[in-house]
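Notebook open, structure loaded. I want to go from the overall fold down to a few single residues.

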Amino acid sequence: MLWSAAAVPAVSVATVRTELPRDFDAVRVLLSLSFRREAEARLVDRLRAAGKLSVALVAEDKERILGHIVFSKNVVSVEGVPANLLVLAPIAVMPAFQRLGIGSALVSSGLERARAQGHAGVLVLGDPGFYARFGFVPAARFGLKSPVSAPAESFMAIELEPGSVAGLSGMVRYGHEYDDLE
């Protein structure tokens, strides 16, 4: 069920759960509204089609999809060495429901699931002030370089198992699904 901009009630607690096929249309709308473009929705579609989604979660309240997050197996390599790293992208919360803790709940739940699946770490390009709360640090501390032009402090990593990212260093290479993002 899509939310209506006409009536935006307060959300006390959104339920975070695994994305289901019935959510795909609502997630597409959410991503398009949140980013004000279609690129992120196309990215999620490509990742699903390629079978690269390791964790895909939605936050819902009263059957309305209010948030979405994806952790994908889209790191091809670091300097040619295969890496067991996930990419956190995109994350979105309906604009009218931002700053209510929904994004934080999605990140926390996603990291727990990624850890349980045995992944070494997660990379993200985003706001250092937000992601540092979850333990993300600049990826440069691990010797990892962003494949896109961005401020160094915005390209971050978290080890899901201590020492699991040690030994990887160099330029990170993502799969082709990310090719048309700016």
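My entries follow, from the whole chain to the details.

**Ground rules.** I am working on a predicted model, where local features need pLDDT of at least 70 and side-chain atom pairs count only at pLDDT 80 or more, while totals for chains, interfaces and linings use all residues. Numbering runs from 1 along each chain as its sequence is written, and side-chain values use heavy atoms, with hydrogens and water left out.

**Overall.** I looked up the secondary structure and got four helices and ten strands. These are DSSP runs, H or I of at least four residues for helices and E of at least two for strands, numbered from the N terminus. Along the sequence the pattern reads β-α-α-β-β-β-β-α-β-α-β-β-β-β. The radius of gyration is 16 Å, close to the 16 Å of the globule rule for 182 residues, so the protein is as compact as a globular protein of that length. For the record, that radius is taken over C-alpha atoms, and the rule is 2.2 Å times the number of residues to the power 0.38. I also noted the box filled by the C-alpha atoms, roughly 50 × 30 × 30 Å along the principal axes. Buried residues make up 49% of the 182; buried means under 20% relative accessible area, exposed over 50%, partly exposed in between, with a 1.4 Å probe and protein chains only. Then contacts, meaning heavy atoms within 4.5 Å: among those between residues at least 6 apart in sequence, 70% join residues at least 24 apart.

**The sheet.** I traced an open sheet of seven strands with mixed pairing, in the order β1-β2-β3-β5-β6-β9-β7. Its edge strands, β1 (15-18) and β7 (137-138), each pair on one side only. Pairing here requires at least two DSSP bridges between two strands. β7 runs antiparallel to β9 (residues 155-159), with two bridges between them. In that region Pro 138 sits opposite Met 156 of β9. Helix α1 (residues 24-35) packs on the sheet, touching β2 (53-61), β3 (64-72) and β5, and its direction makes about 80° with that of β5. Helix α3 (residues 102-116) packs on the sheet too, touching β1, β2, β3, β5, β6 (121-125) and β9, at about 145° to the direction of β2. Axes are lines fitted to C-alpha atoms, for helices over the stretch in contact, and angles run from 0 to 180 degrees between N-to-C directions.

**β9 itself.** How many bridges pair β6 and β9? I get five, in the antiparallel sense. Gly 121 has Glu 159 of β9 as its bridge partner. Four of the five β9 residues are buried, so this strand is largely enclosed by the rest of the structure.

Leaving aside neighbours within four places in sequence, Phe 136 contacts Leu 88, Leu 111, Val 122, Val 124, Tyr 131, Met 156, Ala 157 and Ile 158.

**Val 122.** I then checked Val 122, which lies in β6. Val 122 counts as buried at 0% relative accessibility. Its contacts, not counting residues up to four places away, include Phe 71, Leu 86, Leu 160 and Phe 136. The C-alpha atoms of Val 122 and Ser 72 are 9.2 Å apart, though 50 residues separate them along the chain.

**α1 against α2.** I looked at how α1 and helix α2 (residues 39-49) pack: about 145°, axes 8 Å apart. Among the residues making the contact are Phe 24, Leu 31 and Phe 35 of α1 and Glu 40, Val 44 and Arg 48 of α2. The buried residues of α2 include Leu 43, Leu 47 and Arg 48. The cover over the buried residues of α2 includes α1, β2, β3 and β5. Just after α2, Gly 51 has a positive phi of about 70°.

**Glu 177.** Beyond four places in sequence, Glu 177 contacts Leu 43, Arg 46, Leu 47, Ala 50, Lys 52 and Asn 74.
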